[in-house]
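Subject: Handing over the structure

Dear colleague,

I am passing this structure on to you, together with some notes on what was found in it. Please open the sequence and the model side by side before you read on.

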Amino acid sequence: DWTTGNVIEEQVARIRAEVGDAKVICALSGGVDSAVAAALVQRAVGDQLTCVFVDHGLLRSGEAEQVEQDFVASTGVKLKVVDAVERFATALAGVSDPETKRKIIGREFIRVFEDAARELVEEAQESGGGDVEFLVQGTLYPDVVESGGGTGTANIKSHHNVGGLPDDLQFKLVEPLRTLFKDEVRAVGAELGLPEEIVQRQPFPGPGLAIRIIGEVTKERLDTLRQADAIVRAELTAAGLDREIWQCPVVLLADVRSVGVQGDGRTYGHPIVLRPVSSEDAMTADWTRVPYELLAKISTRITNEVAEVNRVVLDVTSKPPGTIEWE
Ligand code: XMP
């Protein structure tokens, strides 16, 4: 019968049989799926696994640290961190179009990951032990069904898709979450001792904060959005709304300014949009009726604490016709 303990035992045995003495790599995104998949593989084959975390500078406040410190501390996983912040900033400079942003991020992610993977392949060859033969992927059961049930490399969303690797970098896939639903993945992650912030994380898009800045992405704008987002997350959590709310994108309208007043002075700052939604599967969604008092508190905090922001607005659009994200 189904228990998280049984799932872990079964997957660990299966991974060991599949992988043998070979080496394995895994890209960590900060999300729950890749983290739990990596933790299972590390439980099975220990140091034969190396995780790669590409820091693209588009995560929210504290998320890179969650991967680099908390995840490593709780699993003992071997981690290679690639600081690609400058590279992504340069690639995104001057770009406002949403699809172009997504394509650039997807392309850069694959290139950076390829370079890291190639280095690990070479290191493994020099050190003698097993070659790097496997790539871990956090594919869930719903992804398998959606893509027609086949194995392979084609069923990952574009920015996460490391299936399009060049010929000298073809890996067999290890997909230990293929039979699980999201809530089961969270249960397995908790049982493996992963930090609560990772296991309970709400959905967050691969292109990160870049698609929550309407306009060009700059470091200053990322900082502004990160501060506002941290306030929203802290207040929603403190109010006990993390389960009722599916996710709450916080969006910076970087190309819009409006006039405000603060103290004796006139301000000319940017609006922040709150987009709290309730949903079962993200295919459809409704805007969450967050209590007015809480909205008031969030608004006051953001306008007081975040320079550059002088207005907070609430998105009251369902999906459809709106999407959850603004880009
Ligand atoms: P939309 O905006 O299409 O979003 O209503 C539906 C869900 O998907 C998330 N999302 C993404 N997730 N990579 C992801 O892994 C992406 O490129 C991406 N774009 C949107 C979004 O946060 C929501 O949960």
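Predicted model: local features only at pLDDT ≥ 70, side-chain atom pairs only at ≥ 80, totals over all residues.

Residues are numbered from 1 along each chain as its sequence is written.

The whole chain

The chain holds ten helices and twelve strands, where helices (H or I, at least four residues) and strands (E, at least two) are DSSP runs numbered from the N terminus. Along its principal axes, the C-alpha trace spans about 70 × 45 × 35 Å. The radius of gyration is 21 Å, which agrees with the value near 20 Å that a compact globule of 327 residues would have; this radius is taken over C-alpha atoms, and the globule rule is 2.2 Å times the number of residues to the power 0.38.

Of the 327 residues, 36% are buried. A residue is called buried if 20 or more other C-beta atoms lie within 10 Å of its own, exposed if 12 or fewer do, and partly exposed in between, with C-beta atoms placed from the backbone. Among the contacts with a separation of 6 or more, 76% come from residues 24 or more positions apart, a contact being two residues whose C-beta atoms, placed from the backbone, lie within 7 Å.

The sheet

Five strands make up an open sheet with parallel pairing, in the order β3-β2-β1-β4-β5, and two strands pair if DSSP finds at least two bridges between them. Because β3 (78–83) and β5 (172–174) stand at the edges with a single partner strand each, one side of each is left without a neighbour in the sheet. Neighbouring strands are turned by 30° against each other on average, direction ignored; the axes behind this angle are lines fitted to C-alpha atoms, for helices over the stretch in contact, and angles run from 0 to 180 degrees between N-to-C directions.

Strand β1 (residues 23–28) runs parallel to β4 (residues 132–136) and is joined to it by four bridges. Here Lys 23 stands opposite Val 132, and Ile 25 stands opposite Leu 135. Three bridges join β4 to β5, again in parallel, with Phe 134 opposite Lys 172. Four of the five residues of β4 are buried.

Backbone details

Most residues other than glycine have a negative phi, and most peptide bonds are trans. Ala 282, in the loop between β10 (277–278) and β11 (286–287), has a positive phi near 75°, and with 14 other C-beta atoms within 10 Å it is partly exposed. Glu 308, in the loop between α10 (292–305) and β12, has a positive phi near 85°.

The peptide bond from Lys 319 to Pro 320 is cis, with omega near -10°, and the bond from Pro 320 to Pro 321 is cis, with omega near 5°.

With best wishes
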